[in-house]
Amino acid sequence: AARGLGGISARALSTGAPLGLVQSVLSIPKRYPFQFACGFTSLKTFSADIFVQKSLEKRETIDWRRSTVFAVFGFCYQGAFQYIVYVKIVAGRILTNAGAFAAKPFREKLRDPRGIMGMLGQVGLANFIMDPFFCLPTYYITKEAILGEKKEGQTPLDSVKQALSLYRVNMWEDVTTSWKIWMPAQLFNFGLNPLHLRVPFISVVSFGYCVVLSVMRGAQDEAPKEEALRLHETLSLHMHINDQLKKQHMSLAADIKDIIQHKADQHGNLDHKAFETIFSNLGVRDRRALRSFFKAFDLDRNGSISPEEFATLVLAMSDEGSPAHRLGKIFELCDLDGDGLVHREELETMLRAVLRIKANLLQGHASTSPGLLVGLRWEKTRHMPSPERLTDETRALTGTVWAEANHENTKGMTAAEFKAWAESGSKAAEEVIGLFRVFEPHAIP
């Protein structure tokens, strides 16, 4: 019989064969699995972002470039790459009995330990290898390629490095969110679905996941950039009034640029790895604390920290900045998981990190710290305080803060509670705010 669009027969297209038309349309995924997977996933990711922009973010106009990121990501990774990996390689060459296992009745599956192990292997492959090391990096690189601001002399490799630097900052949050959605979905997909419906099923579930990804990362640059602008504007206003502060900012940025140049990229900026090395040398060991410090300094959330950003935050945290900005940044630093609350364990973790920095900077200086700029030059940790003493000091301070600030006796402290406590003038409040003066550039008491 003659074939028409998509391999549908001419007879099926006639008005006298509606059932045949439906059957022919439904057979397209099975007859053209690769083409269907690529087209379906591209349309799905594109539609998910449009849905978020119009229904959740209430935008008047659609950001078509942002939606293009999702369409390209859907076509290249979720369609083509996943089909090749899961259908052609995993199911076709490695786990050759995957199709037979999926076709078995449920009771027979329970009596097939080899098939169950294969199914669990596919779930593990997807969640512990494919998603963290292929899926999410591909999304960040695609987004940077289409939406990233290109600097003079920037190569494609620089763009990739910048995208991956930003992904390293968000990796734990992104991966754990992915697990919550995909682990149960893929247990069903690899255990019950026939091979030709696996990628389409993933695409259906993935519509919801792409909505989550779009909300989390699609428009994430706007609010941080507004915050960075406010910080810059606040300091710029002071600098306009106080020419001395303007000179101080320029001098501080120049000093920082000189100090970090051997760790910085060709544009003089610090990526996440270089920044982590610097703060590890200052004594910070907790990975969440390191990520929190990086996010605080990365004012425009582009995955790298310029000397100007570094200098801006240092001045904002000093007496030159406004108290509101200073308290806001301290709260943000302590909110390690970004849920808008500071939990007791988070507070203790951040206080321990800051106390480590203070102990290192005070080493060899009995009453005065030489300031942060001296610490930035270190190639290794100079001093490790006694773990017992540090633990006791941290727990005692955390307990006092928690008793004073968490009036509602809840599991998390709100920003309003923190602000009210910090402005109370208690001895513990002054001590904590004073601790964060470790960011002062030069000698401090």
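**Core packing, helices and cysteines in a predicted model**

User: Which residues does phenylalanine 310 touch, not counting residues up to four places away in sequence?

Analyst: Phenylalanine 310 touches Ile256, Leu270, Phe275, Phe279, Phe297, Ile305, Leu372 and Leu376, a contact being heavy atoms within 4.5 Å. This is a predicted model, in which local features need pLDDT of at least 70, side-chain atom pairs count only at pLDDT 80 or more, and totals for chains, interfaces and linings use all residues. Residues are numbered from 1 along each chain as its sequence is written, and side-chain values use heavy atoms, with hydrogens and water left out.

User: Which residues touch the most other members of the largest nonpolar core?

Analyst: They are Phe279, Phe293, Phe310, Met350, Phe436 and Phe439, in a core of 61 residues. A nonpolar core is a set of buried Ala, Val, Leu, Ile, Met, Phe, Trp, Tyr and Cys residues joined through side-chain atoms within 4.5 Å. Buried means under 20% relative accessible area, exposed over 50%, and partly exposed in between (1.4 Å probe, protein chains only).

User: Which helix gives the largest share of this core?

Analyst: Helix 17 (residues 344-362) does, with eight residues. Helices (H or I, at least four residues) and strands (E, at least two) are DSSP runs, numbered from the N terminus. A second, separate core has 26 residues, including Val69, Ala185, Phe190 and Tyr209.

User: Turning to helix 20, which residues are buried?

Analyst: In helix 20 (residues 415-422), the buried residues are Glu417, Phe418, Trp421 and Ala422. Seen down the axis of helix 20, these fall within an arc of 125°, so they line one face of the helix; the arc is that of the directions from the helix axis to the C-beta atoms.

User: And what is buried in helix 16?

Analyst: Arg326, Leu327, Lys329, Ile330, Phe331, Leu333 and Cys334 are buried there.

User: How many disulfides does the structure hold?

Analyst: The structure holds zero disulfides, a disulfide being a pair of cysteine sulfur atoms within 2.5 Å.

User: Which elements have the lowest and the highest mean pLDDT?

Analyst: Helix 11 (residues 222-241) has the lowest, at 50, and strand 3 (residues 342-343) the highest, at 90. pLDDT is the predictor's confidence in each residue, from 0 to 100. The chain averages 78, and 78% of the residues score at least 70.
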